[in-house]
Amino acid sequence: MAGSILGNRVLRKEDPKFLTTGGVYVDDMQNEPLLQGAAHVTFVRSQVAHALINGIDISAALEAPGVIAIYTAESLNLAPEASSFNPGVTRTLLASGRVRYVGEPVAVIVTEEANQGEDAADLVVVDYEPLEVLVDLERAMTSSTLIYPDAGSNVVVDSTVWGMPDVTGDDFFADCDVVVKGRYVNQRVAPCPLEVRGSAVAWVDGRLYQWISTQHAQGVRDQINKSDATSNVRVMTPDVGGGFGAKISAYPEEIVLGRVAQAVGRPLRWRETRSESMLALGHGRAQLQYISIGGTRDGRVLAYRLEAIQDSGAFVDVGAVLAPACTRPMSSGVYAIPKIECRTKSVVTNTTPIVAYRGAGRPEATAAIERAMDMFAAEIGMDPAEVRRKNLIPKFMEPHTTAIGQAYDVGDYEVALDKVLDAANYSALRKEQAERRQRGDRHQLGIGVSVYVEITSGGTNHEDARIEVLPDGRAIVYTGTSPHGQGHVTAWSMIASEHTGIPMDKIDVVWGDTDIIPDGLGTYGSRSLQLGGAAVHQTAQKLVELARSVAAAALEAAEADVVLDKSRGAFHVAGTPAVAVTWGELSARRASEGGLTIAERFTSGGATFPFGAHVAVVEVDVETGKVTHLKQVACDDAGTVLNPLLLEGQIHGGIAQGSAQALLEEFVYDEDGNPKTGNLAEYAFISAVEAPSIELVSMETPTPRNPLGAKGVGESGTIGSTPAVQSAVVDAVSHLGVRHIDMPTTPERVWRAINQ
Amino acid sequence: MQVSITINGTKQSHDVEPRTLLVHYIREHANLTGTNIGCDTSSCGACTLHLDGEAVKSCTILAAQADGGSVTTIEGLSKNGEMHPMQKAFMENHGLQCGYCTPGMVMAAIGLLNENPKPTEDEVRLGLEGNLCRCTGYHNIVKSVLAAAKK
């Protein structure tokens with residue numbers, strides 16, 4: 001019998017299509033019959049950050065070429081809809097009465113041709129009465145101007161209101177020889193999937209059909225049905241050009257499309273421009289952190305406090321709850337710290353709403369504790385790797401609970417640190433650094449170390465799968481996950497093939513159609529393999545059991561005597577291989593009983609906690625402040641690896657996004673709430689030139705929480721890399737008296753830090 | 001205005017507005033949607049294709065400027081069902097994930113090797129600076145191009 005396919009470097013089944021004809025993204029669905037004759041949608045967006053709307057004059061715009069109709073909240077009778085996370089925060093899908101950020105949709109224009117809407121939008125006149133603009137988080141917390149007056153405060157989520165203990169006073173650090181405090185900005189970034197948002201809608205026999213670029217079709221279905229109970233929507237997901245968390249939920253533009261199509265009586269297509277996407281696709285991070293860390297002079301950390309102020313942007317979306325739900329629980333990181341306290345407050349501002357972005361609350365936790373460890377190490381004059389080692393939680397194979405109250409599944413942090421220091425040749429790097437310092441080189445070497453643990457599949461613990469075998473011997477895997485680059489088609493085919501013996505090229509994978517797959521939780525939070533993959537694993541096992549019973553009947557044998565020969569995809573009685581029935585034949589035998597198909601829901605033993613260690617190596621030009629990210633060495637332990645090719649791809653991408661946040665990217669507003677980085681010419685999206693060379697070190701500590709032993713890997717590269725890269729930049733100039741530089745560590749910031 | 005362009009070996013003629021960009025001509029008139037649009041500032045390179053043998057961002061050129069010219073898109077790279085060596089290299093080295101930047105990246109990479117058949121890693125990175133990818137961290141893209149250069 002052939003060996004297992006699992007764990008092998010299997011090339012992607014998805015690739016030939018993407019490489020020869022390109023994917024079929026929403027905007028590519030030119031041949032969809034239901035969309036023939038579709039009109040095009042353009043949104044009129046607020047150009048001011050905070051104002052009352054005293055009137056909207058669409059008369060001139062209605063006369064513009066190609067305009068079919070223009071709608072506002074009033075003409076569509078849109079009712080206020082409450083945030084899922086704070087009932088006092090309500091908005092209409094198109095702004096009514098008030099706008100709260102630049103880019104907020106105010107009206108919707110339907111035109112014959114795609115390019116006519118933008119011209120017409122310029123002719124819509126909105127009478128704005130300016131209000132005080134709140135961009136600065138701390139000012140928003142104390143201002144008498146309320147962005148949502150009904151909420152009663154600009155602080156819209158507070159961990160103490162959630163019943164979590166508050167922080168205390170200086171006594172907390174009474175037993176510490178050394179206490180270091182800092183104020184750090186985990187800056188606002190734009191997720192920037194290469195494909196922007198797009199959606200198309202058609203009404204079919206009184207039902208709404210909606211195609212959308214999303215990470216979670218079933219969630220979008222529920223959102224749309226909640227907003228418009230009459231839609232009975234069917235959501236379908238074509239190829240999706242990246243999401244990174246920002247496409248988990250539907251946005252107002254997408255939710256309102258069905259009603260616009262109904263009003264105008266035509267199918268509709270909508271695709272935003274990149275410049276719109278930069279303002280209206282949710283942003284990520286945006287957390288201000290006050291940190292205190294204390295311990296002994298010989299390097300033992302005794303107490304740690306994190307006070308996080310989370311920018312919620314101009315709505316209370318998921319970004320507002322990541323601080324209490326993800327940052328706080330992970331505040332201890334990989335360290336055995338006896339006392340930890342953490343308070344989070346989320347604050348609305350006149351900026352783009354904050355959503356999930358690769359890591360979603362955990363990168364912020366890791367950044368905080370890793371920065372704190374560096375500051376502590378610098379204060380006591382100890383090597384940062386050594387301070388970390390002294391405080392690591394020792395290896396544990398049973399759940400370990402930290403002082404903040406979070407239990408981790410399994411961990412072996414010191415081995416990860418050792419592996420990465422060894423692979424990076426840490427001592428040689430330190431030696432080279434010392435030599436460059438000694439010589440006073442213009443280009444100084446910086447070495448940053450991080451050790452991290454994160455939480456994956458937090459919040460959800462189940463996923464659905466169904467496998468159907470067709471009479472021609474092919475199989476279809478239906479999954480509740482929703483790939484947008486991760487390679488689920490390959491991965492799920494590997495798992496199904498492993499159990500059934502059906503060759504991978506005879507297995508198709510279907511996702512993202514809510515009529516075909518009513519139950520599914522989508523792809524986010526690094527959940528897919530450990531839940532969706534495990535669901536395919538469980539379903540395939542049950543399918544083999546079912547097939548064995550059908551085969552037993554066909555072969556007139558006892559079930560226990562029937563074996564599956566995976567090498568040829570056929571069942572036979574043990575010892576009599578010549579008389580066999582194939583998967584296709586078994587499917588045909590079940591034709592009158594609904595075919596050979598089985599559906600299963602996998603429920604896991606809980607969230608998993610991938611961990612690892614990173615070393616970043618940078619070079620800093622001390623005359624200009626320019627940073628070059630030379631190399632990232634990373635050891636990321638995601639449990640048992642299904643396909644190293646896919647694993648490595650996830651880590652590489654994560655590292656680049658971490659490097660991007662540490663060095664380059666920041667979404668910036670002026671004090672009036674005008675975006676200063678609202679397109680890809682101004683936003684410092686990382687390119688191949690800035691991205692580092694990457695060296696990965698493997699480590700596999702299986703989790704007991706699912707039968708695959710797999711933990712998530714989609715976000716860990718970002719979580720581990722960001723603090724290591726920032727630390728490396730500071731380290732490069734630490735001999736010049738620099739202790740901290742906020743991200744992104746731009747040349748100007750580095751130069752100022754050196755020269756202050 | 002009438003614009004005639006040979007696309008992937010077939011001459012096509014379409015009546016278009018003078019302001020039509022080449023990328024819109026390819027996508028909306030020639031119905032070839034492999035070439036993607038990722039920005040509106042000519043920053044991302046998702047729309048890169050070959051015009052008269054040279055890699056260009058098709059959002060920076062009017063269809064009218066390509067009149068009489070010859071265009072190759074991602075759909076025109078395979079010959080007799082056989083992928084171009086660069087396409088194969090991307091597949092073998094996992095140089096793509098979501099696929100959105102991929103057509104432009106592959107066309108840019110072929111253009112790069114046409115100009116510099118044996119580039120160093122740094123030259124590949126510099127040569128692809130105008131093509132953005134959010135998924136791969138560029139690591140495997142660079143690897144793919146270097147692998148293709150060795151063939």
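**Exercise 1. How many residues of domain 1 of chain B are in contact with domain 2 of chain B, and which elements give two or more of them?**

Step 1: count the residues. 15 residues of domain 1 of chain B are in contact with twelve residues of domain 2 of chain B. Here, "in contact" says that the C-beta atoms of two residues, placed from the backbone, lie within 7 Å.

Step 2: find the elements. On the domain 1 side, β3 (48-51) and β4 (54-57) of chain B each give two or more residues. The largest share, three residues, comes from β3(B). Helices (H or I, at least four residues) and strands (E, at least two) are DSSP runs, numbered from the N terminus.

Step 3: sort by class. That side of domain 1 of chain B has six nonpolar, eight polar and one charged residues. Ala, Val, Leu, Ile, Met, Phe, Trp, Tyr, Cys and Pro count as nonpolar, Asp, Glu, Lys and Arg as charged, and the others, Gly among them, as polar.

Before you go on: this is a predicted model, where local features need pLDDT of at least 70, side-chain atom pairs count only at pLDDT 80 or more, and totals for chains, interfaces and linings use all residues. Residues are numbered from 1 along each chain as its sequence is written, while chains are lettered from A and ligands numbered from 1 in the order in which they are written.

**Exercise 2. Where do the two domains of chain B run, and how many Å apart are their C-alpha centres?**

Step 1: take the bounds, which come from an automatic or database domain assignment. Domain 1 covers 2-75 and domain 2 covers 85-150.

Step 2: the C-alpha centres of these two domains of chain B are 21 Å apart.

**Exercise 3. What is the strand order in the open sheet of five strands in chain A, and which strands are at its edges?**

Step 1: read off the order, β9-β17-β16-β15-β10, with mixed pairing. Two strands pair if DSSP finds at least two bridges between them.

Step 2: β9 (155-158) and β10 (178-189) of chain A pair on one side only, which makes them the edge strands.

Step 3: zoom in on one pair. β15 (284-295) and β16 (301-313) of chain A run antiparallel over nine bridges; A:Ile291 has A:Leu306 in β16(A) as its bridge partner.

**Exercise 4. Which elements of chain A each supply at least two residues to the side that touches chain B?**

Step 1: 41 residues of chain A are in contact with 44 residues of chain B.

Step 2: the elements are α1 (15-20), α7 (274-280) and α16 (644-663) of chain A. With six residues, α16(A) has the largest share.
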